[in-house]
Every structure is written in structure tokens, then in C-alpha cells.
Amino acid sequence: MEINQVKAFLEVARNLSFTEAADALNLTQPAVSVKIKTLEAELKTPLFYRLGRKIQLTEVGAFLYEEGYRLVEAENQLLAKIEEIKKGKLGHFKIGCTAAIASEWLPEIIFKYRQQYPGITTQYIVFESAEFLYRALTSSQIDVGISDIDCSEFDEVFARAISSIDYRLLVTSSHVLAKKNWLSLQELKKEPWVMLPAGTPSRLVFESRLHELGLSFDDFSVEIVETAALMRTFITQGNYLGFASNLEFTTECQSRKLTAIPLQEFALSSNIFVLQPRRLNQSAIAQAEKQTARRSSNPVQKFVALLESQQAEVQPKPIRWRSPNLVLRSTPQRPETLNLSIGIQNSTITTVTAGLIIQRLGLLEHFLPKTGRYSSTQYQTRWRDYSTGAPIVQGLHSGELDIGILGDYPLLLSAVQQGETKQTRLVSFVSTNPDGSCNAVIVPNESKIQSIEDLRGRTIAVPFSSSAHGMVMRSLNFANILTEVKLAALENSDIAHPFGSPTVADGYAHFAPFHDIAYNQGRFRYLQGNNPNILPAFYGVVVSASLAEQHPEIAIAYLRALSAAQYWYATTPSALSLISQWSNLDSEIISRLLSTNYYKNQPERFFSEVTIRPDWIRGHIAQLSLIPGNESLKTINLDRWIQSEFLQRVHI
């Protein structure tokens, strides 16, 4: 099938006359007839019904008439591009984006692109909503899209994260809230808000987050306005609260007419995506991988390459906030409720990234799966805060808890299966203390006890089945006085007064930060001379075997929330003061106990670390299993219990 045959057919079909078609094409009627007959022969089907001197389109002819113009347009575009190249131009393409990206983020990229490729003509079109942008891309009105809304769930579009974007609260600088450096949505329900219409990116982000947190847009008093200029007026003149990205209202914030305040529920950065039609992108990627040189001949691929180079100049973040997906239609499905029960230790500062921070920032709700088999799932999450690990072990064994955060000794106890106890899986570490100095024995200042050997015939109060309990047993066993020291249960430990009255026992053993707090209160001193064969200490995430097997996506979601919490703790200047407020602990203690990076010669400090260390675990089992009552630790099958493959999927 030749293009001239198609042109002849389209002209005959338009006029339903060979004679008029011949005149329009400046050909003889026989020449036109030959082209049509040749085309029909190639297609092996008639295109016209011949009724005497009149003709009508057949069903195939009608289809070709509707679609054939695309071939003619493609030829015209091809010839036009060839002419541009002959004249020294390299091509052109259209970029689609949303308003915020068009005003702040994209102009610099376009400037650099035009500087590098002056022969390529670029045009960018601004769309009012992410849906309009998506439809323009899939209908070939634009060649590439830039959006802060993810469209990757649609088969027609390939979305790649290319940069970051932050969302925050905006108030006029004279507003009573302007002096705040951190706010939560829960505090702002009664305030008047102003937002852009449904479908705009910031509105989609806001509503998506509310849905994750079990809140409704109707819970807030919101005035809907049509333009950013009107939104600015409501904020500045009416003391309304606004919600926008850091790409919006930048001039007003720089001039201090508006103040941007971080929101607890939007603590992490989101993504900016480059969008391409999937059918085109796949071939382009294949060509790029096989022949990098060919990639430079395509204006769109040159633009994407520039975006990638811009991204490479910025330090990548380990995990970013997942941007909401564009939803064009929703099919009602039967909802399913999935209950999650999580045991945490918020008063144990070394585990705050696995509990307290995830809770406060609503990270788990954000990363829980919501597509595929979970598209109609409703989550009911119950956080249970304990002062020690023993009840968490019991909850995992009984099936009352699905996830638990535990220190080294109780971590091992959770792996021991006895009778009908439920099985568990270790999926990640949370924090580590390489020198093992996190647990300590402490005695009243007036005590005559000076060393571990002086505990012979004495009583030590310790939270049973805790990491401190494991340390005490190992230390006493090493000193050969394990049977000569009475261990009493330390119950109802209060973070403000960890050991209560100093007359209850001769000495106390506890884990951080309880012994730190007691020491700082001035009534206790540390007992020197613990076990010289000290072992590294660690906390980890343990999940029920049934959760790991039936809902591995949820275990991965929890680890993603953990990774996000650790990143937030490491990069947020106000993290220490906020955790201090949430935990009622001094920020100095928090800073001293939990660091983000490992440094040598810094004892009594934990470091955020998720990589599981089987050698450390074996070291604990080797020492503890020699102590009467702990022989069952030898039965732990580490190859089966440790499932580090979950960590490998956290950053996918």
C-alpha cells in the first residue's frame, strides 16, 4: 500500500466521484481508477460499491476513510521535519506540565536545554489538572509530561521520578501561626482553609493524604477558589490557611508576605515525574541501552537525558514520599478490613525510628499497599507501647501482635518456638550498639558495692526477658556468681523514675535510656567491671510468620516506613526537639543515645542501622545458651528465621 494510492482513495471517498477526484489530484480518471484497483487488489477487498455511475463506501472503505488521513498527516510531518533539518533545525517537541512546575521548576531546565540545543524548537503547555495533562500525553498532543502526580499505574504511561517537591502550610506573616515551626493537621481542623479546585496537584496530594490517615476533606472548612492569585488574596487578606508546594508562592515567601510552615503529615519530600507514552518509551529505552549514540538524535530523549543529569547533581535521597496516583475512575469493590497490631517501645530512644516517629508522621499509613489485591483493603492499625520487650514477645507468640520491635535477648526469645507458640521472622535491624555498652548495672550512691564480684549474695532488680536481663546473666555467668546473685523482677518501670525507691534492691540493671536518666537524677552511680567479653547490642523488627508469608507487602511497607523515619531523623534539624516533646525526654539524652552514623570511640551510643548481622546474633546465642534456662536458644534456625530479602525490596 503506497501513500499515493491512499491519497487517491481519500479524494475519491471524499467526493464519491472518480471524475472530481481526478480533477482535484490533477490526474486523468483512468489513472485514478488504476490506483484504486491496485489498492483493492493489495487489500484483497473492494473499497467501493459501484451502482451504475454512483459509488458508495464499503465497510472496509469507510474504515480506511476514517483512519487513512493519519498516514497522510504522518507523511506531511515527516517531510516537514526533513525540511527543518535541511534548513539547520534539529526538530521540535511539546512539553506538558502543571502550573507550579511551569512557573518555578521547568523554566531553568528549558533555558539549559535551548542553550545546549538551539536548533530544537521547544514548546510547553500548561494544564489546569493532572488529568488533562495525562489525556494530552496519551492522545499525542504533547511528547513528554512533567508532573508532581504519579501516573505509573496506567499502562499507557511510563513515569520516572526525576526530582523532589515539598508540601507545606502557608499563612500570612502576620498570622498567629506564623511563629510556629511545626504543625499537625489535627490542630488545624477548625481553621479556615483556601484551596484550588479538585484535580489540581496540591489538592490531589492533600486529599490523598487525608484518605490515608482516615480523615475526610469535609473535616476541614475549605473555601475553593479558581486561581492561585485568588488563593493568595484569601491568605493575605482573610487570614486563611493555604496548602501548596514549595514551587508555588515562592516570591511571596521570599518577600516574607507569606510564611511556609512544615506539616507533620507531609514531613518528607514527594516526587516530580517525567512522563512518556509507554509504547514510545520502551523502544527508546532499548535503543538507549544498546546504542547510546542514537539516543542523542531524538529531541525528547535529549530532554530526558538533561533531566537525568540534573538529578545526578543532587544527592539522592534513600526513600521519598510516594506521590498520589492519578485516579480517572473508580470501580466500587467490596471492602476488606485488615487488622494490624504492632508492639513498640517508645520510651526506648534507640527504637524511636521504628515506632514513635512512624506513628507521629503517619508513615505506615502512607506506605501500606493500596493497589492490586489491596485496592479495596481498609487497615485498622493498633499501636501498643511497652516499656520493655517481654510483653511484645508474649504477644508475638500468642498471635496478638503482628509486628514487634525488640532488643537482642527478647529478639532471640521471640524466635524460640515452644508448643503452640506462633513462629516469627526477623526482617530488619533498627539500631545497633557495636561496643555493647547500652545496658548497665547501677547502684545507689551510698552503696558499698564497687564491682560485679561484690554482688555475691545480693539482689539485682531487672526487667525480665529484656536486653538488660541478657547482659546481667552473661556478666554474672562470666564472673562465676550467677547462682549466688538473686535476680528480682523490676516491674512498672517509670521513665521519670526508672528504679523507684533505692531500697527495693541492692542494684539495678536496665537498658538505655533508663539507667541514663537514673544516673542524671543524681541518686545512682554505675557499677564497673561488667563482662569483658562484651557483645554488640541491637534492636530489630520481628514479624509473625503468617504476616511474612501471607502479606509480605505489609512487612515491606513497614520497612519503608522505618527507612523514611530514619531519613527524617537524620535530615530534619527540628527532629531532636520534636522527639523530646513527644517522649518527654531531654533532647540531650536523645542526641547522645541515637546517632545516624557510626563513629568509633563513641561508647554508649546506638546508630541507625537496618542491615541484619547474623554473626552478632550467633555471638549472643553462643553465650546465652550456656546459661541454665536458655538452652532452647540453640534450637533457633537462623537461616529460616532471618529473612533479609524484605530489605532488598524497600527501595524498589
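**View 1. The whole chain, as a predicted model.** Being a predicted model, it needs pLDDT of at least 70 for local features and 80 or more for side-chain atom pairs, while totals for chains, interfaces and linings use all residues. Numbering starts from 1 along each chain as its sequence is written, and side-chain values use heavy atoms, leaving out hydrogens and water. You'll find 26 helices and 24 strands here (DSSP runs, numbered from the N terminus: H or I of at least four residues for helices, E of at least two for strands). Of the 652 residues, 51% are buried (under 20% relative accessible area, 1.4 Å probe, protein chains only). Among contacts with a separation of 6 or more, 77% link residues 24 or more positions apart (contact: heavy atoms within 4.5 Å).

**View 2. An open sheet of 5 strands.** The order is E19-E18-E20-E17-E21, with mixed pairing (strands pair if DSSP finds at least two bridges between them). E19 (486-489) and E21 (524-526) sit at the edges with a single partner strand each, so one side of each has no neighbour in the sheet. Neighbouring strands are turned by 35° against each other on average, direction ignored (axes are lines fitted to C-alpha atoms, for helices over the stretch in contact; angles run from 0 to 180 degrees between N-to-C directions).

**View 3. Strand E18 and its two partners.** E18 (residues 459-462) pairs in the parallel sense with E20 (residues 507-511) over 2 bridges, and Ile460 stands opposite Gly507. E18 also pairs in the parallel sense with E19, over 4 bridges; there, Val462 stands opposite Ala489.

**View 4. Helix H18 over the sheet.** H18 (residues 467-478) lies across E17 (439-444), E18, E19 and E20, at about 80° to E17. Together, E18, H18 and E19 make a right-handed β-α-β unit (strands pointing away from the viewer, the path from the first strand over the helix to the second runs clockwise).

**View 5. The largest nonpolar core.** Helix H21 (residues 552-571) gives the largest share, 13 residues. Val541 touches residues including Ile403, Val427, Tyr558 and Leu562.

Key
Core = buried A, V, L, I, M, F, W, Y, C linked by side-chain atoms within 4.5 Å. Buried < 20%, exposed > 50% of the residue type's maximum accessible area, 1.4 Å probe, protein only. Lists of a residue's contacts leave out its neighbours within four places in sequence.
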